[in-house]
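Please look over the sequence and the model shown below before reading on.

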Amino acid sequence: MKRIKIKKLLEGNEKGKQVKVSGWVRTMRDNKNVAFIALNDGSTINNIQIVTTPEVADEELLKDINTGACISATGTLVESQGKGQAFEVQADSVSILGKADPQKYPLQPKKHSMEFLRSIAHLRPRTNTISAVLRIRHALSFAIHKFFNDKGFYYLHTPIITGSDAEGAGEMFRVTTLDMNNPPKDEDGKINYKEDFFGKETNLTVSGQLEGEVGAMALGEVYTFGPTFRAENSNTTRHLAEFWMVEPEMAFYDLSDNMDLAEEFVKYLISYTLEHCADDMVFLDKRATDADKSKPQNERREMGLLDSMKFVAENNFERLTYTEAIDILLQSKPHKKKKFKYPVEWGIDLQSEHERYLVEKHFKTPVILIDYPKDIKAFYMKLNDDNKTVGAMDVLVPGIGELIGGSQREDNLDKLLGRMQEMNVPEEELWWYLELRKFGSAPHSGFGLGFERMVQFVTGMGNIRDVIPFPRTPQSAEF
Ligand code: 4AD
Ligand code: MG
């Protein structure tokens, strides 16, 4: 008999029919006459209840039906008399596929801390919270491709191994096959990367943008969606060393077109999740509300997760310049009362506390900040006429801070060269990037959305390590 997924079973179309289900036991309770097994197969957050009698599952068998065990059951799908579920399976046979010793299985039906779950990353997808997050993560990935495909963007596969530092921040992981205990040296006694695999120094990419621009200058509108790597030693709830980034790059878009696309994109992703992941979202909404109760009043959300997502999907993002944002911060209570940890003045790189003040306290809605000082942004951003600021754009959202970073790109060869010299970006490495400005240059723009931050935003998860199956952070790459 063919197995049916629990998600499908719970729709009820098989009522009265003989069905087969397989999955992992969440709980089991029994008395002399009957046993109730809550079974989950990952297809949905909801369990199916399997009802057995001693004739079907005797004591010998029941003792192995513990939390975590994998079983298969056949029986009739009937409307449930009990509370909490519409349907259940009246089993006529149950078999154990894989036992889970209750003395050793670490996931018991009780509340486990997220920290503990991180230490069992190989088992945590079997919890309600992590499985809900992973299903939403999947839905968001799918929605990203759908959004761009429907708009006629092409998915461009940009390289993971690269010879250039796109962000110029020097936070890269080296890729080498040289013998680290005995590396070849050149005449100056330095490691000779000419003898390395690629004949030059190579790293894991921090962004697919520069190659994305190559795509935009030929295909018009492209996007990349892949893993990116940053060796920044940031132990925060918003940073990973390996994270996924979505980077659209569009010819003929100016900064304002870029903002429009970013806003439409974020709203689309939220609406898609609300529509396609309703059960998981209801679960996470309740979870977020429960978590809030243990927080001090001033740190609680003003709206529940579902309400705040609907709000974001339905309302315009606030748009303002960096300079205007600095003025707001200078006038703000926390600044005047010296509550910010970092100083505020024109020219600073906004800290997460500043970004969150703007979105959570001042505007209470997502914000797009533009025209940042050139000194705190990457070399490729288009210089504004004031010669002080660049056509940058950051999208900031409540609870997260920066979700998207992007810009119009400098398309003038001389200005780009000038910026590269000012910022010590080596021209030799980026000769091909410069040629895009020599041959058929065009105004163009793009942005990068941090995929895990988006998953965090939609799921309300407090720590970025809990929205990726296998987080990579400083001192941690166990699984
Ligand atoms: O602002 P960033 O550094 O922008 C770029 O890399 C551009 N090349 C993008 C582009 O214009 N095509 O990074 C983009 C986004 C950030 O807004 C943030 O959401 C996310 O990537 N991000 C991280 N997410 C998790 N962990 C980290 N260490 C991250 N660093 C950036
Ligand atoms: Mg940024």
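In which loop is the place of F252? The model under discussion is predicted, and in it F252 sits in the loop between β11 and α6 (255-276).

## Backbone angles of note

The phi angle of F252 is near 70 degrees, which is a positive value in a residue other than glycine. F252 has a relative accessible area of 64% and is therefore exposed, the cut-off being over 50%.

D371 also has a positive phi, near 55 degrees, and is likewise a residue other than glycine. D371 belongs to strand β13 (residues 367-373).

Ligand 1 has 24 residues around it, and E167, Q209, R230, E247 and E402 come nearest. Three strands, β11 (242-251), β15 (401-408) and β16 (444-450), each contribute at least two residues to the shell. The most is given by β15, with five residues.

Several side chains place polar atoms by the ligand. In the side chain of R230, an N or O atom is 2.8 Å from an oxygen atom of ligand 1. A nitrogen atom of ligand 1 lies 3.0 Å from a polar side-chain atom of S207, and for Y380 the distance from a polar side-chain atom to a nitrogen atom of the ligand is 3.4 Å. Taken alone, ligand 1 exposes 620 Å², of which the protein buries 93%.

## Salt bridges

The structure holds 30 salt bridges. In one of them, the side chains of R409 and E213 meet with an N to O distance of 3.9 Å. This pair links distant parts of the chain, for R409 is in the loop between β15 and α12 (413-422) and E213 is in helix α5 (residues 209-219), 196 residues apart. Since buried means under 20% relative accessible area, R409 counts as buried because its value is 2%, and E213 counts as buried because its value is 0%.

A second bridge joins K267 to E263, with the closest N and O atoms 2.7 Å apart. These residues are four apart in helix α6, so about one helical turn separates K267 from E263. K267 is buried, with a relative accessible area of 14%, and E263 is buried at 7%.

D394 and K377 form a further bridge, in which the closest N and O atoms are 3.2 Å apart. This pair too links distant parts of the chain: D394 lies in strand β14 (residues 389-397) and K377 in the loop between β13 and β14, 17 residues apart. Both D394 and K377 are buried. Elsewhere, E60, K63, D64 and K99 are joined into one network by salt bridges that share partners.

## A nonpolar surface patch

I160, I161, F197 and F198 make a nonpolar surface patch of about 380 Å². One of these residues, I160, is found in the loop between β6 (154-155) and β7 (161-162). The relative accessibility of I160 is 33%, so I160 counts as partly exposed.

Terms used: Residues are numbered from 1 along each chain as its sequence is written. Chains are lettered from A and ligands numbered from 1 in the order in which they are written. This is a predicted model: local features need pLDDT of at least 70, side-chain atom pairs count only at pLDDT 80 or more; totals for chains, interfaces and linings use all residues. Side-chain values use heavy atoms; hydrogens and water are left out. Patches are made of residues with over 30% relative accessible area and no salt bridge: like charges are joined within 9 Å, nonpolar side chains (Val, Leu, Ile, Met, Phe, Trp, Tyr) within 5 Å. Accessible areas come from the Shrake-Rupley method with a 1.4 Å probe; for residues, only the protein chains shown count as cover. A salt bridge is a side-chain nitrogen of Lys or Arg within 4 Å of a carboxyl oxygen of Asp or Glu. Buried means under 20% relative accessible area, exposed over 50%, partly exposed in between (1.4 Å probe, protein chains only). A residue is near a molecule or strand if one of its heavy atoms lies within 4 Å of it. A polar contact is a pair of N or O atoms within 3.5 Å; within protein, one must be able to donate a hydrogen and the other to accept it, and residues adjacent in sequence count only if both atoms are side-chain atoms.
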